[in-house]
Amino acid sequence: ISDQKPLGCWSVKHGQILTCPVVCNFETHEYIAVHDDKVLRIWKNEDINLDKAFKATLSADVYRIHSLPLGGPLVLFRGGGVRTLDVLLEAPQQEIENLISGEVIRWSGAFMEGQQPVLIFTTEKDGDFFVYVQKPKLSSLHKYKLEQESAKPLCFTAHITNQTVTLLCLYSNYSVYQILIPLQEDTEEEKEILSKSLLLNFSVSGAVLKGTSLVVLDKDHVAVLGGLAASGKEPRECLTIWNTKFQTLQASKELPLGTSGQLWCYEEKFFLIHGKVLTVIMYKCETSSLAAAVGKLKDSQSSDVSSFVNWNTLEDEELVVSFQSQESVALESRMNLRSRRSGVAEEQQETLSVGQILLNFKDASTYVLETRLRKLMAKATTPDLQATIGCVVTALTDRCKRNPKYYPQTFLQEIVETRDLSYSLCPDLMTIALEKKDMHLLQLCLERFPDIPEEITYACLKAFLSISEDHLQNVDVDLDSVICYVDVEFNNKEVKTEIVENGFSAAMDQNMCGAKMPKESHSWGDGDSCPVGLQKAALLNAVLHSAYTETFLLPHLKNLPAGQAILFLRYLYYLYVKCSERVNTTLPGIRSPTINQIMDWMCLLLDAHFPVMVMLPEAKELLSNLHKFVRAQVRFYSELNKIEGSLQELQRLNHLRESQTYSIEVLEII
């Protein structure tokens, strides 16, 4: 999610349907899926074709698979039967008992109590709701009935503490009820009716929250996703955090683009669909108090007070990446729930949250702002360091947007060079650098950020190709990636040192294919001379290093002007020739592009522009020479393959020969 890159994709055959969410087996690092209700599939990350993965057809329909870190996967069938995955795989066609005749499962959850997995699910039949608690390894099953009332349960969540199941139910009357169920050891028990107690009522200043999803954050906080409805107004969807101990709303975030109604929580992160975007929101809950709950923190209060920082420390809108342009991406916004500590006036500033400090210095002078931000980064604790730096950069970019004349170029370059940043932490940084034409900062970001969207990568490439060589002469650019293999005189003509390695040179190779060497040193098809200057070459190398997904980059590359596409292909061809001249096909220098990066970008560029390049006269010789050079490469490696056996035998003889004896031998390769 942090890199916004798809790592794997698998699909079932046409006509097949995945009928329950896919889970990961934490013990074997395998994925488990069910399609068409009964067909179980298990595969690993390196498997490509799902159709060739392990397959088992079961005897009953599966409702859900739950994966526990220490308890292994549990399979819940629609009839209420439960099996561990290991037991199920021993006999996939084993008979599965039907425990819930006529009932429909509405929700299920799996938990660990000590060393034993516990599975809880709720069912509905004719308006009545039931709760089942199972311990599969102990063959223990208990059934309970929820007491009836006019309001109906909308969703459930649960947790287990001290041998007691706490079931939270969100009802249609905009309230959350709590039900306590003791974990019993016996296996036979008459059906009990569970009583519930009101935990929380969702009413805020005359409005009510019509919740659709509920998750537990800790013993004192829950998160609710739903619509906030006020009389005479349309409901507004929002994500809220409530303090159940003091019955108060702690934080709220409107979601104007709408949601799917689903909310997930994992490792202190919310996951929800906002419009066409998967939104990931980090949070942290600390010990609550009445003062924190009502928002009346005093300087003299104790350290267990929890303060809720503005959700907009990083604006969602600044981090959005659409599903339309990038199938599955993530954006990251942050909400930090931090504690303030007591102290005297001098200490109060030190204990403020990052969001509050930035807010205090929002309108400060440039010197005061940058001085304070440097101190803030220096004092940030290790767990919060990256998020703090992201907030600092966001504060600087926000000021740049408000004041076009303000641009702390040196400060921003220093942060990118010395800190472990990513694009998702400061999404406006590269956009502003493009507006300011700050080529050095863009180069640094491309070389260091692991999660740059393909749209931004393309924008950088287009900017690098369009900027003039004369302008770049006055730009401070890191030349470490090119200085060792591109030498340029004052007249911008390359000083060529012929290197004959790999058994051939570029000139020899061209002659092998019957091509005439160009008369001018800067011909379109000449791979011997660099078509761009040192600065532009260094910037283009930074683009080659940037991570990308071909599917998402290709549509942008198709928009590259033909002249720029040809210039970029000429440079890639030049790099390809340079790599091929060396024994290890590795260019010298720091962060020089690899042969694989060069080849991948050449293929991408040709895929995007091949029809256009075939029609352009100025590209004809370039494509012809590229084709001949690649063909010569194939011939050369084909010849090497023919003598591979002889070379291996020669290597074996060298190992057998005594190292202390001196001899001259002539080996004839037939």
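This is a predicted model: local features need pLDDT of at least 70, side-chain atom pairs count only at pLDDT 80 or more; totals for chains, interfaces and linings use all residues.
**Whole chain.** I counted 18 helices and 27 strands in the secondary structure of the chain. Of its 670 residues, 49% count as buried, and the chain exposes about 33,800 Å², of which carbon and sulfur atoms supply 51%.

**Helix α16.** I then turned to α16, residues 595–615, and checked its length: at 1.5 Å a residue its 21 residues should span 30 Å, and the end C-alpha atoms are 28 Å apart, which agrees. I also looked for a bend and found a kink of about 75° at His-609, shortly before the proline Pro-611. For burial in this helix, I listed Gln-597, Ile-598, Trp-601, Met-602, Leu-604, Leu-605, Ala-608, His-609 and Met-613 as buried, so that His-609 is both the site of the kink and a member of the buried set. I recalled that an α-helix has 3.6 residues a turn, so residues three or four places apart point the same way. When I asked what covers the buried residues of α16, the elements I found included α10 (454–466), α13 (534–545), α14 (550–557), α15 (562–580) and α17 (617–642).

**Helix α17.** Since α17 is among the elements that cover α16, I repeated the length check there: its 26 residues should span 38 Å at 1.5 Å a residue, and its end C-alpha atoms are 39 Å apart, which agrees. The buried residues of α17 are Ala-619, Leu-622, Leu-623, Asn-625, Leu-626, Lys-628, Phe-629, Ala-632 and Gln-633.

**Aromatic pairs.** A search of the whole structure gave me 13 aromatic pairs. One of them joins Tyr-576 and Phe-629 edge-to-face, at 5.4 Å centre to centre and with 80° between the planes. This pair links distant parts of the chain, with Tyr-576 in helix α15 and Phe-629 in helix α17, 53 residues apart. Tyr-576 counts as buried because its relative accessible area is 6%, under the 20% cut-off, and Phe-629 is likewise buried, with a relative accessible area of 2%. Elsewhere I noted that Trp-10, Tyr-31 and Trp-43 form one aromatic cluster.

**Charges over rings.** I recorded Arg-64 over the face of Tyr-63, at 5.2 Å from the ring centre, and the charged end of Arg-399 over the ring of Tyr-406, 5.6 Å from its centre.

Methods
Residues are numbered from 1 along each chain as its sequence is written. Side-chain values use heavy atoms; hydrogens and water are left out. Helices (H or I, at least four residues) and strands (E, at least two) are DSSP runs, numbered from the N terminus. The expected span of a helix is 1.5 Å times one less than its number of residues. The bend at a residue is the angle between axes fitted to the seven residues ending there and the seven starting there. Buried means under 20% relative accessible area, exposed over 50%, partly exposed in between (1.4 Å probe, protein chains only). Contact means heavy atoms within 4.5 Å. Rings of Phe, Tyr and Trp (its six-membered ring) pair if their centres lie within 6.5 Å; planes under 30 degrees apart count as stacked, over 60 as edge-to-face and the rest as tilted. A charge sits over a ring if NZ of Lys or CZ of Arg is within 6 Å of the ring centre and within 35 degrees of the ring normal. Accessible areas come from the Shrake-Rupley method with a 1.4 Å probe; for residues, only the protein chains shown count as cover.
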